[in-house]
Amino acid sequence: MLELFRIGMIGRAGTLFDGFDAAFRDGDVWAVTGPPSSGKSRLLGVLHGEGKPDAGDVMLDGVPLYRGTSESVPRFRRVSGIVGEALDVGTHTVGDLFRLASLAAGDVPESERKAREAALLSMVGLPGSAGFVFRSLSLSEQARAALAIELFRGPRVLLLDAPIARIGKEWTEMLSALFRALAREGRIIVFAERELPPLFPMKPVTEGTRCGPFLLTQLMAGSPGEAVG
Amino acid sequence: MNKVSLIWIDWKLAGKSLAREWLNRFVMFFLVGGFLLTMLAGKGVNRFLSEQWVVNAVLRLNVSAAEGVGIAAKARKMAAVRSVVYKDPEAAWSEFLADYPGLESLRLEGGNPVPGYLQIRLLPERLTAEDIAAVENALKPLPQVEKVFTGAKTLPRLLRVREWVNLALWGFFLLLSVLLFSVCAMQEASRARALRSDFGFLADRGISPAAIMTGRAAGSALVAGLLALPATGAAGMVISAATVRFPALASILGPVEGVVRSGAFPFVVLYLATVPCLIFVASLYGWRASKFHNPGK
């Protein structure tokens with residue numbers, strides 16, 4: 001379980017939120033929606049151990065992320081993945097990034113890496129793109145490739161910043177199917193968007209919880225037919 | 001990713017450029033190691049000087065060849081003496097004629113007028129004013145010895161020059177070592193900068209930057225140790241072959257194999273142990289110079 005405990009953050013215009021509690025159980029899918037500059041990306045960063053909140057802490061299975069030992073953040077990052085707004089990768093090809101992900105995952109043998117790489121790229125609609133320079137891809141392709149690269153390690157917690165906006169609405173079916181599949185495997189998915197598209201296949205479990213400037217909504221991780229409107 | 005994998009992280013991320021770097025380093029280890037072996041084998045310029053500096057003990061005219069050989073044998077037993085060559089009166093006469101041709105008539109009047117003599121060379125490390133004085137004091141009282149030429153007047157100045165030259169040569173070795181360290185540190189910094197985004201990628205995925213830093217430094221040190229040994233060995237073989245091919249060089253350097261047997265060998269071991277340590281530090285310096293930081297901390 002991933003928990004936010006009494007989180008407080010201060011933005012340029014003042015306090016973004018304070019005393020924010022949340023608990024994401026294994027197999028949950030959560031959407032953080034809100035206007036620009038509301039702190040959605042910062043919240044994802046806090047969840048990924050990229051920046052200490054001004055108050056409170058993040059806990060994974062009861063182990064604090066920021067008030068733990070120096071090994072707490074690396075240990076958390078080993079089991080989590082983030083698809084952020086930008087990936088600073090120089091002139092690397094998509095295949096190079098899979099190679100790096102493989103190193104981060106404990107040096108997966110090359111044959112296995114290539115097989116998983118091909119399967120993941122096909123899944124995100126980019127078959128045979130391993131040789132392309134990452135930066136030369138379109139924004140949607142970059143976002144999908146980044147998602148495939150992140151999935152390579154099989155993270156227990158997957159954080160995504162504006163995946164629908166960046167990947168494109170025509171890929172929402174693929175994304176929601178992927179989120180469901182990952183949730184069935186017991187993984188926690190948290191993604192941030194300005195707003196959920198009206199026809200987004202995953203429906204809210206309950207009314208969202210307002211937290212300062214943004215709304216935190218748990219989505220149905222079952223099949224579309226199970227969704228409640 | 002485990003610690004063993006991190007040792008080879010640079011090879012996995014930039015194998016080709018790293019291979020070129022290590023080829024350069026092999027050449028540098030060869031040159032620095034070769035210079036060190038040259039210095040140890042020749043004991044700086046001591047061996048060259050001890051080869052050139054000869055104490056001559058001129059025997060009296062009536063000293064027989066057998067007596068001369070006996071005195072030479074006794075001189076050889078002295079601790080500071082490396083070699084003694086006895087030139088009997090006939091050999092001395094031949095040398096005299098070679099140097100002053102046309103004086104054959106000197107012998108017609110009363111036999112050989114040139115006495116036999118001993119050429120005494122001291123050990124490189126025993127070419128000191130005290131040891132030369134000891135040799136002179138041992139030979140001078142002998143009734144068969146007419147005169148001992150030690151060059152004592154110019155010796156102190158020469159020995160002072162020798163010390164300065166040796167100091168300058170060791171200084172040059174130190175300079176080479178500093179140069180080696182600087183080049184390696186620059187290579188390490190340049191590589192760390194080039195791989196900064198890769199390290200950032202790994203750090204974002206839970207590989208601790210401190211573990212990357214120490215892992216790649218340990219890898220560099222390990223490869224340095226593995227390369228410094230054959231590079232220094234190759235330098236030793238080249239120097240050894242050169243001394244066989246050019247005997248004049250042998251008189252300056254002496255046998256390189258002797259370094260292994262002599263008390264200088266620990267210095268070679270110390271050098272081979274220091275190289276990996278220096279490269280480890282160079283790698284850490286390179287990491288620091290690349291200004292890599294983990295955005296998460």
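Me: How many residues of chain B are in contact with residues of chain A?
Reply: The model is predicted, and a contact here requires C-beta atoms within 7 Å. On the side of chain A, 16 residues take part. On the side of chain B, the number is 17.

Me: Which helix gives the largest share of the side of chain B that touches chain A?
Reply: By class, that side of chain B has five nonpolar, seven polar and five charged residues. Six residues come from one helix, residues 196-204 of chain B. The helix with this largest share is α9 of chain B.

Me: What residues does Leu202(B) contact, leaving aside its neighbours within four places in sequence?
Reply: Leu202(B) belongs to the largest nonpolar core, which has 103 residues, and is one of those that touch the most other members, along with Ala148(A), Ile189(A) and Val190(A). Helix α10 (residues 209-245) of chain B gives the most to this core, with eleven residues. In chain B, Leu202(B) is in contact with Ile207(B) and Ile212(B). In chain A, its contacts are Leu100(A), Leu103(A) and Ala104(A).

Me: How many residues are in the second, separate core?
Reply: This core includes Val55(B), Tyr86(B), Tyr117(B) and Leu127(B). Its residue count is 20.

Me: How far apart do the C-alpha centres of domain 1 and domain 2 of chain A lie?
Reply: Domain 1 of chain A covers 1-79 + 155-223 + 225-229, and domain 2 covers 89-152. The distance is taken between the C-alpha centres of these two domains, and it is 24 Å.

Me: Which helix gives the largest share of the side of domain 1 that touches domain 2 in chain A?
Reply: Six residues of domain 1 of chain A are in contact with five residues of domain 2 of chain A. The residues on the domain 1 side divide into four nonpolar, one polar and one charged. Three residues of that side come from residues 163-167 of chain A, which form helix α6.

Me: Which strands are at the edges of the open sheet in chain A?
Reply: The sheet has four strands in the order β2-β1-β4-β5, with antiparallel pairing. β1 (residues 2-11) of chain A pairs with β2(A) over seven bridges, and β1(A) pairs with β4(A) over five bridges. Two bridges join β4(A) to β5(A). An edge strand pairs on one side only, and those that do are β2 (14-24) and β5 (63-64) of chain A.

Me: What is the bridge partner of Leu4(A) in β4(A)?
Reply: Bridges can be followed residue by residue. In β2(A), Glu3(A) has Ala23(A) as its partner, and in β5(A), Met59(A) has Pro64(A). For Leu4(A), the partner in β4(A) is Val58(A).

Me: Is Lys43(B) buried or exposed?
Reply: Lys43(B) lies in the loop between α2 (9-42) and α3 (46-52) of chain B. Lys43(B) also has a positive phi, about 50°, although it is not a glycine. The threshold for a buried residue is 20 or more other C-beta atoms within 10 Å. Since Lys43(B) has 21, Lys43(B) is buried.

Technical notes. Residues numbered from 1 in each chain as written. Chains lettered and ligands numbered in written order. Predicted model: local features only at pLDDT ≥ 70, side-chain atom pairs only at ≥ 80, totals over all residues. Domains from an automatic or database assignment. Contact = placed C-beta atoms within 7 Å. Nonpolar A, V, L, I, M, F, W, Y, C, P; charged D, E, K, R; others polar. Core = buried A, V, L, I, M, F, W, Y, C linked by C-beta atoms within 7 Å. Buried ≥ 20, exposed ≤ 12 C-beta atoms within 10 Å, placed from the backbone. Pairing = 2+ DSSP bridges.
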